[in-house]
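Biologist: I'm new to this one and would like to learn how to read it. Could you walk me through it, one feature at a time?

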Amino acid sequence: DPAEFGLPDAEVNVVFVGRYTWEKGVYYLLSAWKRVVATTNVTVHLTMVGADNPEPVREYTRHAEVEDVTIRGPVAYDHVPLVFDAADIAVLPSLPARFWQEQYGRVVLEAQATGTPVIASEIGGVPEAMGGIGELHQPGDPYDMVRALHRLIDDAERRISLGEQSRDRVLAERTLNHTRKQVEQVYERVLEGESS
């Protein structure tokens, strides 16, 4: 049941799953979300599922008067696919820090595996994780994120198409069997190099 995870009966449910830290872009996401709510004709809701204390984010949301958002604590790891499956869009708004960038963004693949299209920051290994499917935006630019959100919120056909492409890609390229074959190919090349 989507409501169990904080997703109400909205036309478009957007989810964030990750840590409630600055570099994960949570405050930047909320800033963009406030603008989205004010500029769309679609009934939308953002659900944030955090792996740590949600209170600072809730306080920011109240102070900034951000509407149509649910901020909750963690869910069991085996429920994460259910959260993504219940959503219409997943977001990964990570920001570059001085000594850190999002290396891969595992949640991208988790969302894509459920057929949920992803909007993410063009940072680190995230574009590679997305495989060219979804919406990328400039990290730290809330207006660019608003545009990316609108492109999927306002276009149900595009949202559905990207979701289907995402799932097909994960099944074709990112299964355990696919990873096993890639590792085997690397070992074969290493062994061939040693025997030369």
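Modeller: Happy to. Keep in mind that this is a predicted model.

Biologist: Which residues line the largest cavity?

Modeller: Its lining is made by Val17, Phe84, Ala90, Val91, Leu92, Val107, Val108, Ala111 and Val118. Strand 4 (89-92) and helix 4 (106-113) each give at least two residues to that lining. By type, the lining has nine nonpolar residues, no polar and no charged.

Biologist: What about the largest pocket: how much space lies in it?

Modeller: About 340 Å³. It is lined by 18 residues, and those nearest its centre are Val17, Gly18, Ala51, Arg106 and Val107. Val17 also turned up in the lining of the largest cavity. Strand 1, strand 2 and helix 4 each supply at least two residues of the pocket lining.

Biologist: How does the lining of the largest pocket divide into nonpolar, polar and charged?

Modeller: There are 10 nonpolar residues, three polar and five charged.

Biologist: Which residues of helix 1 are buried?

Modeller: Val26, Tyr28, Leu29, Leu30, Ala32, Trp33, Val36 and Val37 are buried. You can check the length of helix 1 too. With 14 residues (26-39) at 1.5 Å a residue, helix 1 should span 20 Å, and its end C-alpha atoms are 20 Å apart, so the two agree.

Biologist: And Met48, what is it in contact with beyond its neighbours within four places in sequence?

Modeller: Its partners are Phe16, Tyr20, Val26, Leu29, Leu30, Val57, Val69, Thr70, Ile71 and Arg72. Val26, Leu29 and Leu30 in that list are buried residues of helix 1.

Biologist: Let me try a residue in helix 4. Is Gln112 buried or exposed?

Modeller: Gln112 sits in helix 4. Residues under 20% relative accessible area count as buried, and Gln112 is at 0%, so it is buried. Leaving out residues up to four places away in sequence, Gln112 touches Val118, Ala129, Met130, Ile133, Ser166, Arg167, Arg169 and Val170.

Biologist: Where is Gly134 found?

Modeller: In the loop between helix 5 (126-130) and strand 6 (135-137). Gly134 is partly exposed, at a relative accessible area of 21%. Not counting residues up to four places away in sequence, Gly134 touches Val118, Arg158 and Leu162.

Biologist: How far apart are Tyr104 and Pro127, in sequence and in space?

Modeller: They are 23 residues apart in sequence and 8.3 Å apart in space, C-alpha to C-alpha. Tyr104 lies in the loop between strand 4 and helix 4, and it is partly exposed, with a relative accessible area of 27%.

Biologist: One last topic, the backbone angles. What should I look for?

Modeller: Most residues other than glycine have a negative phi, and most peptide bonds are trans. Here, Glu65 has a positive phi of about 55 degrees although it is not a glycine. Asp68, also not a glycine, has a positive phi of about 55 degrees.

Biologist: Where do Glu65 and Asp68 lie?

Modeller: Glu65 is in the loop between helix 2 (55-64) and strand 3, and Asp68 is in the loop between helix 2 and strand 3 as well. Glu65 is exposed, with a relative accessible area of 58%, whereas Asp68 is partly exposed, at 35%.

Technical notes: Residues numbered from 1 in each chain as written. Predicted model: local features only at pLDDT ≥ 70, side-chain atom pairs only at ≥ 80, totals over all residues. Heavy atoms only, no water. 1 Å grid on protein atoms, 1.4 Å probe; cavity = no way out; pocket = protein on both sides within 12 Å on 5 of 7 lines; lining within 4 Å. Helix = DSSP H or I, 4+ residues; strand = E, 2+ residues; numbered from the N terminus. Nonpolar A, V, L, I, M, F, W, Y, C, P; charged D, E, K, R; others polar. Expected span 1.5 Å × (residues − 1). Buried < 20%, exposed > 50% of the residue type's maximum accessible area, 1.4 Å probe, protein only. Contact = heavy atoms within 4.5 Å. Points joined across faces, edges and corners; volume = space filled by probe spheres on them.
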